[in-house]
Amino acid sequence: EYEISNIKLYMLDYSEIEKLKESHDEMIIDKDATMGDIIVGDIDAKKDGWFHLSLPYDEGFKITVDGKEVDYYTSDINFIGFYMEKGKHKIEIEYTAPGYKQGMAVTISGLLLYGIFIFAEKKKWRAV
């Protein structure tokens with residue numbers, strides 16, 4: 001059971017929203033290059049400032065601006081942000097899940113051991 005209280009509603013003229021959109025620079029996504037865990041796009045930043053992504057912050061990101069890797073930080077509490085100078089930039093965002101390489105190594109090792117076990121069992125059956 002819930003009780004909803006202290007509800008507030010606000011009204012805003014749509015032209016104000018359009019003004020806000022005009023004051024922000026937009027990253028144009030390259031749909032051909034963006035696939036899987038990689039996002040690629042271009043931006044023309046009108047001034048130096050912070051680039052905010054609406055992607056949840058995680059340690060597995062690699063972000064490059066014009067081919068140079070940049071440090072990223074938490075912004076807006078749980079999202080990703082990084083500093084960027086004004087001008088035209090090519091941005092690449094790549095994500096690799098933490099532990100992915102270790103998981104692949106364990107999986108491949110397990111498959112190899114399984115293959116050796118099957119090979120040894122077949123050899124044992126032939127000897128009988």
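Start by selecting β4 (residues 61-65) and β8 (residues 87-95): five bridges join these antiparallel strands. Strands here are DSSP runs (E, at least two residues), numbered from the N terminus, and two strands pair if DSSP finds at least two bridges between them. Click V65 and then its bridge partner in β8, I91.

Before moving on, note that this is a predicted model, where local features need pLDDT of at least 70, side-chain atom pairs count only at pLDDT 80 or more, and totals for chains, interfaces and linings use all residues. Residues are numbered from 1 along each chain as its sequence is written, and side-chain values use heavy atoms, with hydrogens and water left out.

Next, bring in β2, which pairs with β8 in the antiparallel sense over eight bridges. Look for I39 opposite I93 in β8. Zoom out and you've got an open, antiparallel sheet of five strands in the order β1-β2-β8-β4-β5. Its edge strands, β1 (28-29) and β5 (68-70), each pair on one side only.

Last stop: the largest pocket. Select H24, D25, I43, W50 and F51, which lie nearest its centre among 14 lining residues. A pocket is an open set of points on a 1 Å grid over the protein atoms alone where a 1.4 Å probe fits, with protein on both sides within 12 Å along at least five of seven lines; lining residues have an atom within 4 Å of a point. Colour β3 (49-56) and β2 (38-45), as each supplies at least two lining residues; β3 gives the largest share, four.
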